[in-house]
Amino acid sequence: MNPAQRLHALGQSLWLDNITRTMVADGTLARYIDTIAVTGLTSNPTIFEQAIAKGSAYDSAIKAKAAAGIDHEALFFDLAIEDLSAAAQLFRPEFERTRGVDGWVSLEVSPLLADDTAGTVQAAIALHAKAAQPNLYIKIPGTPAGLKAIEDAIAAGVPVNVTLLFSADQYAAAAEAWLRGVERRLAAGLDGNVSSVASVFVSRWDGAVKDALPAALQNQLGLAMMGRCHRVYRELLASPRWQKVVAAGVAPQRLLFASTSTKDPALPDCYYVDALAAPDTVNTIPEKTLLAYAERGNPGAVLADDGGTAEAALAAITAAGIDIGALAVKLQRDGAASFVKSWNDLLGCLAAKA
């Protein structure tokens, strides 16, 4: 087995953090599924903007939709749903084989709705219905304003990929939102098995403190935070409330590691993926990192359920002057602002193409 297949064998789902119309049409995605054990994918506005801007694969569709008077936001969602529906069909066998645990694709709501709970829920319901794919997640940011939207979307039966999480506190709040939505469905006599993943971002932590830590502590914060998040995840899996919904037929929300490509050129390109091997979790990685990992990855020891050395590393980083709690808030706020910029860039690209 290649390293990616070994990760899959130990129980971690490896998802591709990319999609293009060409990749789906020319068999590239199918090949990744067959040879690299890719069992899902994620997308975001930046991924689509780059795919649309760099080639001509979307030009005829954009021309036809623009001529029909479709506005740029609706035009984007048409294009995205077409691509993701095709990808969802490729992952459908995995979805059915795992009874809905794996084989997912993800579509993000407009980040302009970040502070509009009702608008986010309405958009999530509408997008999921329009795609009509059972293995499509709707991505909703796990910001303070987004938590109620996550709960309400789950309660409405919409599978959710909670995005833009950084700390264990943010992750726990997102997990609580999913659980409340599930409990509401069960209390109403509905099927509570509404799938979800919670995406915690890794490498942005290390990029944020690169110039503020001594060399001995650099590139440790991201992995230490993931160790803490993984400990909380394992504790939640064993908690009475989670066990109660599992007993009612609900598949637990899974922890997903995102932003796992390296930004520091001094690091091996498989640094984060190697270190984050863990059963019952997901790792979503860009195409370049995926190909590198299939060739030369080396899965390390499985993450410890108790977090291992994470707390010691976090204590040392705190002692070096880093306010980890404040940084988590800043990273989430900066991430939300970046999502808005990416969205505006995407719409600008579509306007230029049209």
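How many aromatic pairs does the count come to? This report takes up that question, then turns to the sheet and the core. The model is predicted.

## Aromatic pairs

The count comes to 10 aromatic pairs. One of them joins phenylalanine 48 and phenylalanine 76. Their ring centres are 5.3 Å apart and their planes stand at 75°, so this pair is edge-to-face. Phenylalanine 48 sits in helix H4 (residues 45-53), and phenylalanine 76 sits in helix H6 (residues 72-97). The two parts are 28 residues apart in sequence, so the pair ties them together. Both phenylalanine 48 and phenylalanine 76 are buried.

Phenylalanine 76 also pairs with tryptophan 343. This pair is edge-to-face too, at 5.4 Å from centre to centre and with 90° between the planes. Tryptophan 343 belongs to helix H16 (residues 324-353), while phenylalanine 76 belongs to H6. Here the pair ties together parts that are 267 residues apart in sequence. Is tryptophan 343 buried or exposed? Its relative accessible area is 0%, so tryptophan 343 is buried. Phenylalanine 76 has 2% relative accessibility and therefore counts as buried. Elsewhere, ring pairs link Trp15, Phe95, Trp104 and Tyr137 into a cluster.

## The sheet

Eight strands form an open sheet. In what order do the strands stand? The order is S2-S1-S8-S7-S6-S5-S4-S3, and the pairing is parallel. S2 and strand S3 (105-108) stand at the edges. Each has a single partner strand, so one side of each is left without a neighbour in the sheet. On average, neighbouring strands are turned by 30° against each other, direction ignored.

Helices lie against this sheet. H6 lies across S2, S3 and strand S4 (136-141). H6 runs at about 160° to S3. Helix H9 (residues 168-187) packs on the sheet as well. H9 touches strand S5 (160-165), strand S6 (196-201) and strand S7 (254-258). The direction of H9 makes about 160° with that of S5.

## A look at strand S1

In a regular strand, side chains alternate between the two faces of the sheet. Strand S1 covers residues 13-16. Ser13 and Trp15 point one way from S1, and Leu14 and Leu16 point the other way. All four are buried.

Which strands pair with S1? S1 pairs with strand S8 (residues 281-285) in the parallel sense, over four bridges. In S8, threonine 284 stands opposite tryptophan 15, and asparagine 283 stands opposite leucine 14. S1 also pairs with strand S2 (residues 38-41) in the parallel sense, over two bridges. There, leucine 41 of S2 is the bridge partner of leucine 16.

## The nonpolar core

The largest nonpolar core has 117 residues. Which residues have the most contacts inside it? They are Leu41, Leu107, Ile138, Tyr171, Trp205 and Leu221. H6 gives the largest share of this core, with 11 residues.

Leucine 221 shows what such a residue touches. Leave aside its neighbours within four places in sequence. Leucine 221 is then in contact with Trp205, Asp206, Val209, Leu314, Ile317, Ile324 and Leu327.

Terms used. Residues are numbered from 1 along each chain as its sequence is written. This is a predicted model: local features need pLDDT of at least 70, side-chain atom pairs count only at pLDDT 80 or more; totals for chains, interfaces and linings use all residues. Side-chain values use heavy atoms; hydrogens and water are left out. Buried means under 20% relative accessible area, exposed over 50%, partly exposed in between (1.4 Å probe, protein chains only). Two strands pair if DSSP finds at least two bridges between them. Rings of Phe, Tyr and Trp (its six-membered ring) pair if their centres lie within 6.5 Å; planes under 30 degrees apart count as stacked, over 60 as edge-to-face and the rest as tilted. A nonpolar core is a set of buried Ala, Val, Leu, Ile, Met, Phe, Trp, Tyr and Cys residues joined through side-chain atoms within 4.5 Å. Contact means heavy atoms within 4.5 Å. Axes are lines fitted to C-alpha atoms, for helices over the stretch in contact, and angles run from 0 to 180 degrees between N-to-C directions.
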